[in-house]
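I opened this entry to record what I looked up, starting from a single residue and then moving out to the chain.

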Amino acid sequence: MTGDWRDAWVAALDEMELDVAATEAMLADEHRFAEHPPAELWKPPTELGALPLELRPRADEILTRQLRAAEEIARRMVATRQQLAMNARIETGEAVKRPVYLDCAM
């Protein structure tokens, strides 16, 4: 029984590690996954019980990688939002003209 419990946790951590590795790969090569997002979203396992103490370092390392990936995704979302806002202010050549200021220091 104890082996089954540990094996279930190892399998769950394997799945989490594959998920974070896929996210890291996507962030490293954003054009590769632009047209083909991951087909399956990770779902947390249920009824595993407490994490075996010997697996805690691995779980902590996966969590650190997940947090780093989440921070990078958030940073890129902010940069994209800023870029969209800047693009919205650029003159489009339409009949209605409006003053435009472009800060070249950015």
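I began with burial: R65 has 14% relative accessibility, so it counts as buried, the cut-off being under 20%. The model is a predicted one.

I then placed R65 in the fold. R65 belongs to helix α2, which covers residues 56-89.

Next I asked which side chains make polar contacts with the side chain of R65. One is the side chain of E17, at 3.4 Å. Another is the side chain of E24, at 2.6 Å.

I also listed the contacts of R65, leaving out neighbours within four places in sequence. The list reads E17, V20, A21 and E24.

**Core**

I looked up the largest nonpolar core and found nine residues: W9, V10, A12, L13, M16, L48, L55, A59 and I62. Helices α1 (2-28) and α2 are the elements that give two or more residues to this core. The most come from α1, with five residues.

I checked A59 on its own. With residues up to four places away in sequence not counted, A59 touches L13 and L51.

**Whole chain**

I noted two helices and zero strands for the protein chain. Of its 106 residues, 15% are buried.

For contacts with a separation of 6 or more, I found that 75% are between residues 24 or more positions apart.

The protein chain exposes about 8,700 Å², and 61% of that is supplied by carbon and sulfur atoms.

Conventions
Residues numbered from 1 in each chain as written. Predicted model: local features only at pLDDT ≥ 70, side-chain atom pairs only at ≥ 80, totals over all residues. Heavy atoms only, no water. Helix = DSSP H or I, 4+ residues; strand = E, 2+ residues; numbered from the N terminus. Buried < 20%, exposed > 50% of the residue type's maximum accessible area, 1.4 Å probe, protein only. Polar contact = N/O pair within 3.5 Å; in protein donor to acceptor, adjacent residues only side chain to side chain. Contact = heavy atoms within 4.5 Å. Core = buried A, V, L, I, M, F, W, Y, C linked by side-chain atoms within 4.5 Å. Areas by Shrake-Rupley, 256 points an atom, 1.4 Å probe, with all protein chains shown as cover.
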